[in-house]
Amino acid sequence: MSPHNIISEIDGLGDKTAKKLIWNARNALGMTEFITAEDIDENTEYITTGSSELNRILGGGFQTGKLTEVYGPFKSGKTNLAHTIAVTIQLSKKQGGLGSAVAYIDTENTFAKEKIKRIAKRFGLDPKKVLSQIFHARIYSSDHQMQMIQKAETLCKTRNVRLIVVDSLMALMRVEYIGIGMLARRQGVLNNMIHGLSRIAETYNCAILLTNQVSVSMKGMFSANDAIGGNIVAHGCHFRVMFKTKGFSSNNSLKRRAIIVDAPDLPPEEAEFYITSVGIADTEKGEVPEAKGLDFEVEALYEEEEIQEVGITEDATNSGEYSLIDVKGIGGGTAKNLIKNGVASVDDLLNSDPETLATKISGISSKMINEWQTNAKALLSA
Ligand SMILES: Nc1ncnc2c1ncn2[C@@H]1O[C@H](COP(=O)(O)OP(=O)(O)OP(=O)(O)O)[C@@H](O)[C@H]1O
Ligand SMILES: [Mg+2]
C-alpha cells in the first residue's frame with residue numbers, strides 16, 4: 001500500500017526492484033482483483049465521544065477505519081475530545097468503546113495525566129490501567145511527527161492500538177515551513193503523513209483523530225475561520241468536524257458547538273456539547289452519556305483509596321445502622337461528594353430530590369441517584 005518511491009528509499013533497493021516487490025505483494029494478497037460491492041468489508045466501529053449529541057451527528061460515535069479532522073479556534077475543545085476518546089475507547093464494546101489502546105501524538109505538550117484520570121473515573125475505569133493503555137509521544141519537529149506516525153503503526157500491530165490521536169496536526173509545520181516559498185515542501189510532508197495515516201486506518205480498522213487550528217482570513221468585509229493545511233488535509237480526511245466557541249451568551253460558558261462540515265454519508269448537522277472537568281459531555285456537570293449502546297452501570301466512580309486522602313473514614317459516613325457506602329453503586333469518593341453536598345446519611349439520600357441533587361454533583365445523573373434510592377430502600381428492607 002506504500003507508494004514505490006517510499007519503498008525505493010530503502011538502501012540497496014532500486015526503483016525497479018521496489019515496483020516489482022510491490023506488484024508481487026499485491027498479487028499475493030489478491031489486491032489485483034476487483035471484488036463485487038457485496039463483498040466489501042465495512043466493519044465500522046464506533047467510540048463514544050462522551051456526548052450523545054456529538055455521537056449522534058457523527059453517525060453513532062467516532063468512527064474507525066477513517067481519518068477525522070476536528071478543527072476550531074483555541075479553547076474550542078479539540079484537546080478535550082482527544083482526552084475523552086483516549087479513555088472511552090478503552091471501555092468494552094457494550095459500553096461504547098473498543099476495549100483497545102491509544103497512540104497519542106502530542107505536538108503541543110497539552111496532554112494531561114490528571115485529566116485522563118478524572119475521565120477514567122467518570123466512566124468507571126481504573127485510572128492506572130487507563131494510563132497504561134495510552135502510548136504517548138511528545139513531538140518536537142515535523143520530521144519527528146512523521147517518524148512517530150510510523151511507529152504508531154507498530155503499536156497497532158503489537159499493542160492493540162485502535163486509535164491514533166495527532167494533537168495537533170499542523171502546529172509544528174506551521175512554524176517550520178514559513179512563507180509561500182516553503183509551501184510545496186510543507187504540503188509534500190503533510191501528504192506523506194495523511195497517506196500514512198490513511199493506510200494505517202484502513203489496514204488496522206483504526207480510528208484517527210487529527211486536530212487542527214484555524215487561521216482567520218478576511219473575506220470581503222467578513223472574517224472567516226478556515227482550517228489550515230489547505231486541500232491536502234481537507235481532501236485527505238474522510239470526516240471534517242468544526243468546533244465553535246462563538247454564539248453563546250456568556251463568554252465563560254463551556255458550551256460548544258460541533259458542525260459536520262464534510263462527511264461521505266452524514267447530513268450537515270450541528271450539535272451542542274460541554275467541556276467539563278471530566279471531558280466532553282452533554283451537560284455542564286459531565287453526566288455519563290446515555291448514548292446508543294451505553295447501557296452500563298457506573299460503579300464506584302471514585303476509588304476507595306480516596307477515603308483516606310480526605311480523611312473520611314467509614315465512621316464519618318455512618319448514620320444509623322447503614323452508611324452511604326453500604327448502598328450498592330456508591331463508592332468512597334461518591335459518598336464523599338454526597339456528604340459535601342449535604343447528603344450525609346442513607347436517610348438523607350432517600351429524602352433528596354434526584355433532579356436537584358444531580359445538578360449539584362459533577363458526573364452524577366438523576367437516573368443514578370434514582371437507582372441508589374432504590375438500592376437504599378432494598379438495603380433497609382433487607
Ligand atoms: N477541568 C476543566 N473544567 C472545565 N473546563 C475546562 C477544564 N479544563 C479545561 N477546560 C476548558 O476547556 C477549554 C480548552 O479546551 P481545549 O484545550 O480542548 O481546547 P483546544 O480546542 O484544544 O484549544 P487549542 O487550540 O488551544 O489547543 C478552555 O475553555 C478551558 O476553560
Ligand atoms: Mg488543544
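**View 1. Ala-103 and its opposite number in β6.** Ala-103 stands opposite Ile-164 in β6. Strand β4 (residues 101-106) and strand β6 (residues 161-167) run parallel, with 6 bridges joining them; strands here are DSSP E runs of at least two residues, helices are H or I runs of at least four, and both are numbered from the N terminus. Helix α7 (residues 142-158) packs on the sheet and touches β4, β5 and β6, its direction making about 175° with that of β4. Touching, or contact, requires C-beta atoms, placed from the backbone, within 7 Å. Angles run from 0 to 180 degrees between N-to-C directions, with axes fitted to C-alpha atoms, for helices over the stretch in contact.

This is a predicted model, so local features need pLDDT of at least 70 and side-chain atom pairs count only at pLDDT 80 or more, while totals for chains, interfaces and linings use all residues. Residues are numbered from 1 along each chain as its sequence is written, and chains are lettered from A and ligands numbered from 1 in the order in which they are written.

**View 2. The open sheet, strand by strand.** Going across, the order of the 9 strands is β5-β4-β6-β7-β3-β10-β11-β12-β13, with mixed pairing; a pair needs at least two DSSP bridges between the strands. β5 and β13 are at the edges with a single partner strand each, so one side of each has no neighbour in the sheet. On average, neighbouring strands are turned by 25° against each other, direction ignored. α4 lies across β3 (67-71), β4, β5, β6, β7 (207-212), β10 (239-244), β12 and β13, at about 165° to β6.

**View 3. What's around ligand 1.** The shell holds 15 residues, and the closest are Phe-74, Lys-78, Thr-79, Asn-80 and Ser-277; a residue is in if its C-beta atom, placed from the backbone, lies within 6 Å of the ligand. α4 (78-88) and β12 (270-276) supply at least two residues each, and α4 gives the largest share, 3 residues.

**View 4. Helix α5 and its packing.** Buried residues of α5 (residues 113-122) are Ile-116, Arg-118, Ile-119, Ala-120, Lys-121 and Arg-122; buried means 20 or more other C-beta atoms, placed from the backbone, within 10 Å of a residue's own. These pack against α4, α6 (127-132), β5 (134-138) and β13 (279-281). After α5 comes Gly-124, with a positive phi near 70°.

Definitions and conventions
Buried ≥ 20, exposed ≤ 12 C-beta atoms within 10 Å, placed from the backbone. Contact = placed C-beta atoms within 7 Å.
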